[in-house]
Amino acid sequence: MSRPWLLAVVFLATGACAVPVPTARSAADYGKKAGHTAEDVHSAIETTVVALDNATHGRTLPTTLNVVVSDAEDDARGAMSTFQRIAPRGQGAGAIHDRLVPLLNDAADAITRARQLARRGQTSAGDVEPVTRRLAEIARALDDFANAQP
Amino acid sequence: MKKFLGVTLGILTAIGGFVDIGDIVANAESGARFGLALAWVVIVGVVGIVIYAEMAGRVAAVSGRATFDIVRERLGARAAFANLFASFFINFLTLVAEIAGVAIAVQLLSGIDYLIWIPVAAFAVWMVVWRVRFESMERIFGLLGLALIVFAVAVVKLGPDWGDLLHQATHPSVPKGEGHPSYLFFAIALFGAAMTPYEVFFFSSGAVEEHWSQDDLRLNKANVYIGFPLGGLLSLALMAATAIVLQPKGISITHLSMVTLPVMESLGKAGLAFVLLGIFAATFGAALETGLSAGYTVAQFFGWPWGKFVRPRQAPRFYLVVLGSLIAAALVGLTAVDPVKVTEYSIVLSAAALPLTYFPLLVVANDRDYMGDEVNGRFVNVVATIYLAILLVVAVITIPLMIATKAGA
């Protein structure tokens with residue numbers, strides 16, 4: 001294989017393995033991305049709440065509940081990890097970061113707690129109620145946060 | 001009963017075409033984000049696929065040859081190769097997603113990670129291709145896929161505001177928080193999903209497998225006019241179910257598992273059992289369709305013996321392509337690539353390649369050397385030409401739109 005071809009192959013192979021780093025061009029752009037992240041995690045929380053509610057009322061199978069909540073947890077942690085890779089840029093971006101990241105951490109932890117309950121089959125109203133209450137609080141905070149963004 | 005069973009080819013093709021993993025997720029996501037504002041796209045897609053699938057079935061019945069076979073002969077090797085290249089690649093992506101879809105359906109029931117089920121699913125698909133008669137295959141999976149009617153039952157049981165749903169469908173508007181580019185992207189994805197090329201390849205090859213002749217033109221029409229609208233109805237029911245239950249809560253569909261939520265809410269465990277059965281059958285049926293279509297297109301292009309109606313020993317290269325595609329699809333699936341993303345890309349890329357499939361079909365269906373008196377009528381030609389123009393516009397804007405909207409994100 002000639003040298004230019006070899007270089008092209010190496011370049012393409014390296015490019016294929018690279019994970020693109022998300023960026024924000026300005027504080028407004030950062031705020032917009034933060035808003036989208038809040039909406040994504042809000043969606044994961046609501047998914048968990050609906051799934052737990054169905055489990056409490058005996059409307060789902062334990063295996064299906066487990067998969068739904070695990071998928072929601074993956075979504076929440078995935079959205080959080082993507083957001084944390086974006087460098088805050090511009091005035092005010094730091095404040096957005098400091099307000100959102102604790103909410104994202106709380107959301108991921110609460111969904112993990114829900115997954116643990118689902119895994120153990122602890123889906124009675126008494127077991128689930130503290131977790132769903134916490135999830136609802138975080139969902140409201142995320143909603144407020146998302147609405148405040150551009 | 002015999003007449004009903006006669007339309008199972010159309011039902012299986014339509015279930016694969018309208019409610020395979022890609023369509024299930026695309027329809028559910030559209031409902032959750034846009035309500036019924038994209039319902040019109042499903043109807044436009046149903047009319048388009050009905051026009052072209054009827055043409056493909058008629059060509060197969062009159063000439064005794066499948067669409068790809070005739071395209072190769074009528075338009076020459078170069079044009080057919082472009083079609084083969086695009087169709088085979090898109091079909092392969094779809095096969096990857098369908099095998100993963102079967103595995104996820106089993107995971108939802110068993111709780112065991114879907115990656116473990118991928119090789120099992122690929123092997124099971126191969127065994128059915130290898131051992132089960134074509135007619136039995138289409139009847140079993142076509143009819144089991146009808147379990148997805150549970151979405152329509154769930155919608156009725158949820159007792160929605162029918163006036164509001166009708167208003168959403170007849171006065172489509174982009175909801176607050178969503179952009180017009182994303183709306184357009186989802187419209188194209190739904191349209192591409194409804195008119196996926198493998199549907200006509202599978203349908204016409206299936207007609208040849210079943211030895212259709214000119215006497216079966218009525219059966220062709222029955223298959224098309226019952227099967228595809230039924231598939232469209234299932235799509236609309238899925239869209240409505242997520243629009244009612246998930247949209248008000250701001251839930252966005254990112255996994256196949258989330259599609260089960262509206263039915264759980266409405267019908268409980270019994271409904272869930274039907275959903276799991278329906279998803280399993282629809283994705284398994286679509287895996288059979290795409291696996292066989294891989295063999296059909298390649299064998300028909302090269303002029304090899306093909307089909308389940310001949311013994312494997314008489315068509316070894318056809319079976320080898322199917323087996324190779326299944327093994328490769330399972331290997332790609334085992335890399336843990338997100339099946340939902342794979343299928344979303346496959347339906348969007350398929351939208352970009354649609355004219356390559358449908359233009360040659362229109363040419364052949366108007367050629368008296370092949371079709372005799374059964375060439376297209378004027379009405380069919382007018383509608384098919386309008387659709388071809390739409391397909392060309394869709395093909396041009398699809399890829400730029402996908403990049404601009406980050407695939408509808």
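Reply: Start with the elements: helices (H or I, at least four residues) and strands (E, at least two) are DSSP runs, numbered from the N terminus. The model is predicted, so local features need pLDDT of at least 70 and side-chain atom pairs count only at pLDDT 80 or more, while totals for chains, interfaces and linings use all residues. Residues are numbered from 1 along each chain as its sequence is written, and chains are lettered from A and ligands numbered from 1 in the order in which they are written.

Me: In which helix is the place of B:Gly22?

Reply: B:Gly22 belongs to helix 3 (residues 21–34) of chain B.

Me: Is B:Gly22 buried or exposed?

Reply: A residue is buried if 20 or more other C-beta atoms lie within 10 Å of its own, exposed if 12 or fewer, and partly exposed in between, with C-beta atoms placed from the backbone. B:Gly22 has 31 other C-beta atoms within 10 Å and is therefore buried.

Me: Which residues is B:Gly22 in contact with, leaving aside neighbours within four places in sequence?

Reply: Contact means that two C-beta atoms, placed from the backbone, lie within 7 Å. By that test B:Gly22 is in contact with B:Thr94, B:Ala97, B:Ala193, B:Thr343, B:Glu344, B:Ser346 and B:Ile347, sequence neighbours within four places excluded.

Me: Which residues touch the most other members of the largest nonpolar core?

Reply: A nonpolar core is a set of buried Ala, Val, Leu, Ile, Met, Phe, Trp, Tyr and Cys residues joined through C-beta atoms within 7 Å. The largest one here has 191 residues, and A:Ala107, B:Ile99 and B:Leu190 touch the most other members. Helix 13 (residues 261–302) of chain B supplies its largest share, 22 residues. Beyond four places in sequence, the contacts of B:Ile99 include B:Ile118, B:Val125, B:Ala287 and B:Gly333.

Me: How many residues does each chain give to the contact between chains A and B?

Reply: Chain A gives 18 residues and chain B gives 20 residues. On the side of chain A, helix 2 (27–56) and helix 3 (62–84) are the elements that give two or more residues. Helix 2 of chain A has the largest share, 8 residues. For classes, Ala, Val, Leu, Ile, Met, Phe, Trp, Tyr, Cys and Pro count as nonpolar, Asp, Glu, Lys and Arg as charged, and the others, Gly among them, as polar. The side of chain A divides into 5 nonpolar, 8 polar and 5 charged residues.
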